[in-house]
Amino acid sequence: MKKDRIIIFDTTLRDGEQCPGASMNLREKLEVARQLARLRVDVIEAGFPVISDGDFRAVQAIAREVKGPTIAGLARCVPKDIDAAGAAVKPAGKRARIHVFLATSKIHREFKLGKARDEILRLAVEGVKRARTHVADVEFSPEDGSRTEPDFLIEVCQAVVAAGASTVNIPDTVGWAVPEQFGALIRRLHEAVPAFASGKAVISVHCHNDLGLAVANSLAAVQAGARQVECTVNGIGERAGNTSLEEVVMALQTRADVFAGVTCGVNTRQIVKSSKLVSRMSGLLVQRNKAIVGENAFAHSAGIHQDGILKKRETYEIMDPCEVGWGQTELPLTKHSGRAAVALRLRQLGFTLGEADLNSLFVRFKEIGDKKKFVYDDDLGALVEGLITEVPETWGLEYLHVASGSQTVPTATVRLRKANGKKGAAEFCQDASIGDGPVDAALKAIDRLTGTHGTLLEYSLRAVSQGKDALGEVTANVDFGQGQVVTGRGASTDVIEASARAYLNAVNRFLGQPGTRRPNGGQP
Ligand code: KIV
Ligand code: ZN
């Protein structure tokens with residue numbers, strides 16, 4: 001039996017990145033996009049080009065550099081959005097897609113847009129036609145589709161397909177749908193719109209997880225005729241997130257008996273690596289018990305389960321962990337490993353670094369190797385990702401000394417390097433501060449030196465690999481006022497140093513953002 005292909009449309013870099021504090025810089029986005037290509041998703045929604053210069057440049061760079069998947073840019077149904085999206089995805093050539101959207105539900109028409117149905121229809125058709133002047137592949141989304149009157153939704157689908165859309169995506173924008181009803185809606189559209197039944201146009205779904213039903217709704221839609229699923233790695237996204245890519249893909253594969261007529265092209269062995277990369281790049285940690293990619297997803301603690309697994313894996317495991325990329329670790333490196341061995345391991349892990357990056361990474365590798373016995377693949381991943389998350393370094397950490405203890409006032413002395421000092425050369429400055437604890441003291445000293453005043457909104461510390469000497473990775477969500485919340489990351493075997501590095505990374509990101517007013521108080 002010939003199976004229908006389910007198109008996996010990944011929106012980690014657009015809807016996923018819309019999640020507060022998850023914003024990524026250009027290099028981070030490129031690295032995620034390259035990994036999505038290795039994961040073999042069919043479509044990468046790379047961003048919303050009209051939103052900012054940064055978004056435009058990221059979509060353009062991904063369209064230029066990432067080979068394999070179709071590259072999509074999002075646009076509202078307005079000419080300036082569509083033209084920006086068209087220009088940004090152009091380098092992808094025949095693999096370029098524009099995704100236009102316009103709300104269609106009664107509540108959005110009346111309260112958000114103040115437009116009647118016929119005006120919405122007209123704008124949707126005009127938007128699709130304009131997008132078709134840029135690219136052959138146009139997707140249309142009736143925003144809040146699941147809450148739109150079904151008759152009107154059918155009318156919209158027919159009109160946009162006639163105008164040239166080859167994919168119509170039905171979003172459950174507010175995560176309101178439940179599987180039976182959402183499946184019935186998709187089946188109704190499939191039957192009522194001839195282009196869906198004939199395969200001339202693809203029906204897609206885009207579910208949000210407000211009721212924890214995004215994956216269930218997407219699967220119900222597949223049963224009802226949807227042939228594209230929009231999703232994100234780790235399910236990240238606005239509010240409670242989007243459909244989780246790994247869960248949908250593994251449900252389709254593991255329950256091929258239920259989803260007998262469909263298949264998808266994802267390379268499941270790249271799932272765990274993609275999950276770890278997205279988590280580091282977005283600063284959003286994966287909960288331990290998250291299906292497929294959580295640390296506990298394949299951990300069996302009950303003796304009876306362990307016994308069963310040893311006798312026959314399938315007694316308690318419905319998936320082979322190797323199938324999703326768990327347990328592919330090589331022997332750890334040590335401080336004696338040479339540059340060539342490190343470069344080789346990096347290539348095996350899928351990282352392609354230039355000469356200069358490899359040199360700085362090797363310096364950090366040796367520092368870490370001196371402090372801990374083994375450097376694991378995850379440590380190496382953290383170092384590479386630390387390099388990628390580096391922003392132009394206005395301030396660099398030169399020296400840190402902290403004094404703390406139960407009978408001591410926590411004190412930190414910090415020495416920073418300022419990249420462009422008075423005569424354009426690097427300058428050094430130092431200061432000290434007391435604080436509620438050693439981390440607080442170190443961050444206060446950094447604030448004194450840089451003239452910033454950050455408020456720590458969230459702080460998390462995790463061990464990157466095993467052992468007491470594990471590399472600690474800190475993710476800090478910092479509010480610098482001016483409505484700017486920035487995520488910084490830093491890793492070290494010393495958790496106070498990791499905290500200072502993460503905070504300094506956030507300071508550099510804040511200072512590097514266009515429109516940031518440079519604080520005056522900073523030295524020198
Ligand atoms: O949730 C939503 O409705 C969206 C659309 C832009 C597809 O993200
Ligand atoms: Zn969405």
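The legends below walk through some close-up views of this structure.

A word before the views: this is a predicted model, where local features need pLDDT of at least 70, side-chain atom pairs count only at pLDDT 80 or more, and totals for chains, interfaces and linings use all residues. Residues are numbered from 1 along each chain as its sequence is written, chains are lettered from A and ligands numbered from 1 in the order in which they are written, and side-chain values use heavy atoms, with hydrogens and water left out.

View 1. (Helices, H or I with at least four residues, and strands, E with at least two, are DSSP runs numbered from the N terminus.) Both D15 and H206 are buried. (Buried means under 20% relative accessible area, exposed over 50%, and partly exposed in between, with a 1.4 Å probe and protein chains only.)

**View 2. Ligand 1 and the residues around it.** Sorted by class, the shell has 2 nonpolar, 6 polar and 3 charged residues. (Ala, Val, Leu, Ile, Met, Phe, Trp, Tyr, Cys and Pro count as nonpolar, Asp, Glu, Lys and Arg as charged, and the others, Gly among them, as polar.)

**View 3. Oxygen atoms of ligand 1 beside R14, D15 and H208.** A polar side-chain atom of R14 sits 2.9 Å from a ligand oxygen, one of H208 sits 3.0 Å from a ligand oxygen, and for D15 the distance from a side-chain N or O atom is 3.2 Å. On its own, ligand 1 exposes 260 Å², and the protein buries 94% of that. (Such areas come from the Shrake-Rupley method with a 1.4 Å probe.)

**View 4. The rings of F362 and F365, a stacked pair.** The structure holds 5 aromatic pairs. (Rings of Phe, Tyr and Trp, the last by its six-membered ring, pair if their centres lie within 6.5 Å; planes under 30 degrees apart count as stacked, over 60 as edge-to-face and the rest as tilted.) Here the centres of F362 and F365 are 5.9 Å apart and the planes at 15°. Both sit in helix 15 (residues 355–371), 3 residues apart, or about one helical turn. F362 and F365 are both buried.

**View 5. The rings of F480 and F510, also stacked.** Their centres lie 4.5 Å apart, with the planes at 10°. F480 is in the loop between strand 15 (472–479) and strand 16 (485–492), while F510 is in helix 18 (residues 495–512), so the pair ties together parts that are 30 residues apart in sequence. F480 is buried at 8% relative accessibility, and F510 is buried at 3%. Ring pairs also bring in Y503, giving a cluster of F480, Y503 and F510.

Definitions and conventions. Near = heavy atom within 4 Å. Polar contact = N/O pair within 3.5 Å; in protein donor to acceptor, adjacent residues only side chain to side chain.
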